[in-house]
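Me: I would like to learn how to read a structure like this one. Please take me through it.

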Amino acid sequence: MGKPSRRQFLKLIGATGAALVVGRGSASATEEHQVNNDTLGMLYDATKCVGCKACMSACKRVNSDFGSLSYEQAPFDSDGLWDAPEDLSGSTRTLIKLFKESEKEWSYVKYSCMHCQKPSCVSVCPVSAMTRDKMTGIVDYNKNTCIGCRYCQVACAFNIPKFQWEKAIPQIVKCDLCKNTNMVKKGITACAETCPTGAIMFGKRKDLLEEAKKRLAENPGRYVNHIYGEKELGGTNHLYLSAMPFKKLGLPVLKHEAPAEFSEKIQHTIYKGFIAPVALYSTLCFIAVKNKKKERADDVEEQDKSGSERKKAETEHGEDVE
Amino acid sequence: MSHDEYQTYRAKILTPSFVVLLVLTLIGFTLIAVRFIKGIGAVSNMNDGYPWGIWITYDVATGTAIACGGYAMAILIYIRNRMHYHPMIRSAILTSMFGYGLAGFSVMVDVGRPWNAYNFFIPSKWQANSAMFEVAVCVMAYTTVLLLEFLPTVLTALEKTQWRTLQLLLDMLYSRMGMERPERIGDRLDKVKDLAAWLKPRLDKVLIFIIVLGITLPTMHQSSLGSLLLIASTKLHPLWYTGFLPLLFLINCMYIGYSIAILESVISCYAFKRPFETRELSGIARIIPWLTVIWLSVVIGDLAWRGQLGAAVSFDFYSRFFLLEFCLVAGGSLLMFSGKKRESIRWLFVSAALIVLGGALYRFNVYLIGFNPGKGWHYFPALAELLITVGIVAFEILGYQVIVKILPVLPKLHTRQQLDAGDVTADKA
């Protein structure tokens, strides 16, 4: 008893496994993502940055009202006049840091959202609160749909999205290229507009790449020969040039494939057209209903038997336990 | 599948353990209130590097695996057609119901903007690429299915009830207020009874399709709990980061499910002074090592394929946790392979406990211990954070304790051997 159903069950598992393997192979060929170089971004040249932090203060000034952003307050500064965040935070979208290796070797670095071509945060957000605009390439956040699950924080390889831990009504905070503020009024991000040394260049990705390549070609000794963000994680719209190795500036060494490509491939394979779950459900229903019918037939038989026979049947039943 | 395979465990509800659990529950829920008033940062040590702490790792990722008893038993009974385990299903479903219900509740405590959760029901907001979306929808659906699966128990109880407690309570209330008790209350109560009697056979007819749904849904979301971390390719340690995460999580929840069914049965039989269900339990214990062997082979094979076997035995921080998890699962399975040890309640308990610990540690390793967002980030749960989790678990046990005493959940002591043993315990009591 039960033997045929077990075989069926194993068959089913085998078939599902095979489907997974086959599906994985075919999916990889079809879902290649394209880099759109007409989208907007910024080029940060660390060799031009003097660390004045004018970009940070401009960012806070321009974006303070939007998204309930507040100035960070040091405990000794109750008036909120002095603001020096240690890291990106629930009230800081962009940050300048200094990396100092020795008296002669040092570099500033600017952190803010990388605006990936294939952003992980957008891929993982369960309610589409993180979105990437196809035209502009801006990765934007909508607090009115966000449920605050913080999966975007887990997903982001650059640790960019920040959460307001101290608030009863918190939200995620990250750079949105001044989409609703400076961009609307002046067509440029506040940080790029303010930068006194031209370390931050705002424009289309293709122009930024061209400019970066030109700088690399004209001053080969000045830079590390690499445009950070050109290929990283499938390409980002925030690009970097630097004289120091990027890893030392807190920009991790990353693969060229976007993590979302891989995870979506697996998720799509399992749930393609919702076929696998439906197939699983119907097969299981078939088996369960058949088992139930058999059980009912056994019950009728058992009722005919006398008590002693029934006991015997029960012990046999017991031995059949797998 | 008759409803008289079960019985209500008749005992006092107000026991010392009830009081202890109640206190823990109250502490936990007070802290939850603090969290909603002052923000998540006020009670927890979670930070922007470790945005998921103990609540997600234990209450959701591990708690639902521990609540997979109902899932594992349903596969055994309805798909592999082992109907003689049927008496064990109700208590398994009850614990699953609490496990999943409270996992859902924990999520609502954990997320920052729970009032926006209605977006899961708005098609334009659906995001099928997100494993989180799949998990959320599936867990909500499965919790509903569990409630439906448990409904027959409630209906049976309603059908047979004399409303004794309620009658007494009403009498007392009315006499306090110095009023006559109106007739129509009795009529209404009878109506509820009639409704239960009407609904039960109808529910029984479609129940099998609900049960099968209750097998399909966990298969989906338990694997997706593994898929959740697929995106964190740069943060999760290579010992655990693999494309096989969904498969590993699925098998993991199955062997945890069977092991927890054993533990539950042993603990509740011990606590309620009932005879142990040794024969059924050793039958279940026979299945577990096969599942763990498949799981362990996938783990090893995958590590070898990715060239990470060296890292696994390097005895650094991560390697130690990996080896601990591996040895717990492997050790428990080795014990279960022995036919003799499977006949002993003590060894069954020990081996099942080892496997549950190992399996749970695997989930901790993936969600927390093997997760490294970069330099400078640290996380260890705050006391208040832990107490919230403790409170939720206490509430779970409390609910189980109370419900088995008011509803027919536990298997009836019907076989001869059990009857004999039952007499002995009855004499002692």
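Reply: Just after helix 8 of chain A, Gly273(A) takes a positive phi of about 60°. Helices here are DSSP runs of H or I with at least four residues, strands are runs of E with at least two, and both are numbered from the N terminus. This is a predicted model, in which local features need pLDDT of at least 70, side-chain atom pairs count only at pLDDT 80 or more, and totals for chains, interfaces and linings use all residues. Residues are numbered from 1 along each chain as its sequence is written, while chains are lettered from A and ligands numbered from 1 in the order in which they are written.

Me: Which residues of helix 8 of chain A are buried?

Reply: A residue is buried if 20 or more other C-beta atoms, placed from the backbone, lie within 10 Å of its own. An α-helix has 3.6 residues a turn, so residues three or four places apart point the same way. In helix 8 of chain A the buried residues include Ser263(A), Ile266(A), Gln267(A) and Ile270(A). The buried residues of this helix fall within an arc of 160° seen down its axis (taken from the directions from axis to C-beta atoms), so they line one face.

Me: What is the strand order in the open sheet of chain A?

Reply: Two strands pair if DSSP finds at least two bridges between them. The order of the three strands is 8-1-9, with mixed pairing. Strand 8 (200-204) and strand 9 (238-241) of chain A each have a single partner strand, so one side of each lacks a neighbour in the sheet. Strand 1 (residues 40-45) runs antiparallel to strand 8 of chain A, joined by five bridges; Leu40(A) has Lys204(A) as its bridge partner.

Conventions:
A residue is buried if 20 or more other C-beta atoms lie within 10 Å of its own, exposed if 12 or fewer, and partly exposed in between; C-beta atoms are placed from the backbone.
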